[in-house]
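Dear colleague,

Please read them with the structure open beside you.

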Amino acid sequence: MIMSTDAWSLFLLACLMLNIAPGPDLVFVFSRTMSHGKKIGFVASLGVGSGALVHVFAAAFGVSVILATSATAFVMVKYIGAAYLVWLGLKAIFSREGTILRNGTDTKQVNPWTVFRQGVLIDVLNPKVALFFLAFLPQFIAHDASQSSAQIFIQTVILGFIVIAVGFVVETALILTAAPLGAYLRSNPKIALWLDRSFGGMLVFLGAKLASSDQ
């Protein structure tokens with residue numbers, strides 16, 4: 001895969017700008033970090049990254065074209081994803097004690113696998129992520145008569161990995177910033193509960209926004 005220095009610079013800048021834009025991924029990683037610390041924050045980040053990887057391979061295999069061309073498929077996935085975000089948000093809003101640590105201990109033991117699975121589903125059930133990879137990656141892939149389908153597939157996967165890697169770097173910075181702040185705030189039960197409700201409200205808002213989005 002050969003790209004000019006200018007093309008690589010543009011690609012990496014676009015990756016950075018797209019990954020720092022607020023969305024369900026960042027909200028989820030940030031909320032899990034604030035709620036349960038750095039370790040769970042990284043688990044959440046690996047979850048959303050793994051979900052994005054599903055879309056990378058879907059785009060490489062051409063599966064994402066179905067979402068781009070079929071209004072029915074797009075709407076089905078969109079509403080399932082929106083419902084999942086709203087459900088996670090409502091769980092946080094109406095939890096009796098909240099999920100955030102109180103006085104240094106968990107009010108509710110968190111299962112890393114559960115957090116990982118939630119992160120995967122948040123990305124997999126977001127059709128906008130699928131369409132993003134389908135629309136964004138081909139702009140940086142060399143298409144000519146000498147390129148085989150296997151070479152195009154490999155280029156797509158490599159570029160997708162880079163997008164996800166940049167996202168992981170952004171999320172790492174977020175986790176390292178949020179973890180000490182969360183540890184400080186978690187000592188106050190009222191603030192902890194307020195934070196939990198706030199993050200829940202953000203997830204509900206993002207779910208509603210996804211549900212109202214167009215193809």
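The axes of helix 3 and helix 8 (residues 149-185) come within 9 Å and cross at roughly 160°, where axes are lines fitted to C-alpha atoms, for helices over the stretch in contact, and angles run from 0 to 180 degrees between N-to-C directions. Helix 3 and helix 8 are therefore roughly antiparallel to each other, given that angles under 35 degrees count as roughly parallel, over 145 as roughly antiparallel, 65 to 115 as roughly perpendicular and the rest as oblique. Their crossing is right-handed, a crossing being left-handed if the near helix is turned anticlockwise from the far one by less than a right angle, and right-handed if clockwise. By class, the contact of helix 3 with helix 8 has 17 nonpolar, six polar and two charged residues; contact means heavy atoms within 4.5 Å, and Ala, Val, Leu, Ile, Met, Phe, Trp, Tyr, Cys and Pro count as nonpolar, Asp, Glu, Lys and Arg as charged, and the others, Gly among them, as polar.

Before going further, please note that this is a predicted model, in which local features need pLDDT of at least 70 and side-chain atom pairs count only at pLDDT 80 or more, while totals for chains, interfaces and linings use all residues. Residues are numbered from 1 along each chain as its sequence is written, and side-chain values use heavy atoms, with hydrogens and water left out.

The secondary structure of the protein chain comes to nine helices and zero strands, where helices (H or I, at least four residues) and strands (E, at least two) are DSSP runs numbered from the N terminus. Of the 215 residues of the chain, 45% count as buried, with buried meaning under 20% relative accessible area, exposed over 50% and partly exposed in between (1.4 Å probe, protein chains only). Among the contacts in the chain with a separation of 6 or more, 85% are accounted for by residues 24 or more positions apart.

Helix 3 also packs against helix 2 (residues 24-36), with axes that come within 7 Å and cross at roughly 160°. That angle makes helix 2 roughly antiparallel to helix 3, and the crossing is right-handed. From helix 2, Asp 25, Phe 28, Val 29, Arg 32, Thr 33 and His 36 meet Lys 38, Ile 40, Gly 41, Ala 44, Ser 45 and Val 48 in helix 3. This contact has five nonpolar, four polar and three charged residues.

With helix 7 (residues 127-136), helix 3 (residues 38-61) packs at an angle of about 50°, the axes being 9 Å apart. Helix 3 is therefore oblique to helix 7, and this crossing is right-handed. Ala 52, His 55, Val 56 and Ala 59 of helix 3 make the contact with Val 129, Ala 130, Phe 133 and Leu 134 of helix 7, and these residues divide into seven nonpolar, one polar and no charged.

Two single residues may also be worth a look. Pro 112 lies in helix 6 (residues 112-124) and is partly exposed, with a relative accessible area of 33%. Not counting residues up to four places away in sequence, Pro 112 touches Ile 40 and Val 43. Ile 80, in helix 5 (residues 71-94), counts as partly exposed at 45% relative accessibility. The C-alpha atoms of Ile 80 and Ala 211 are separated by 8.8 Å, although the two residues are 131 residues apart along the chain.
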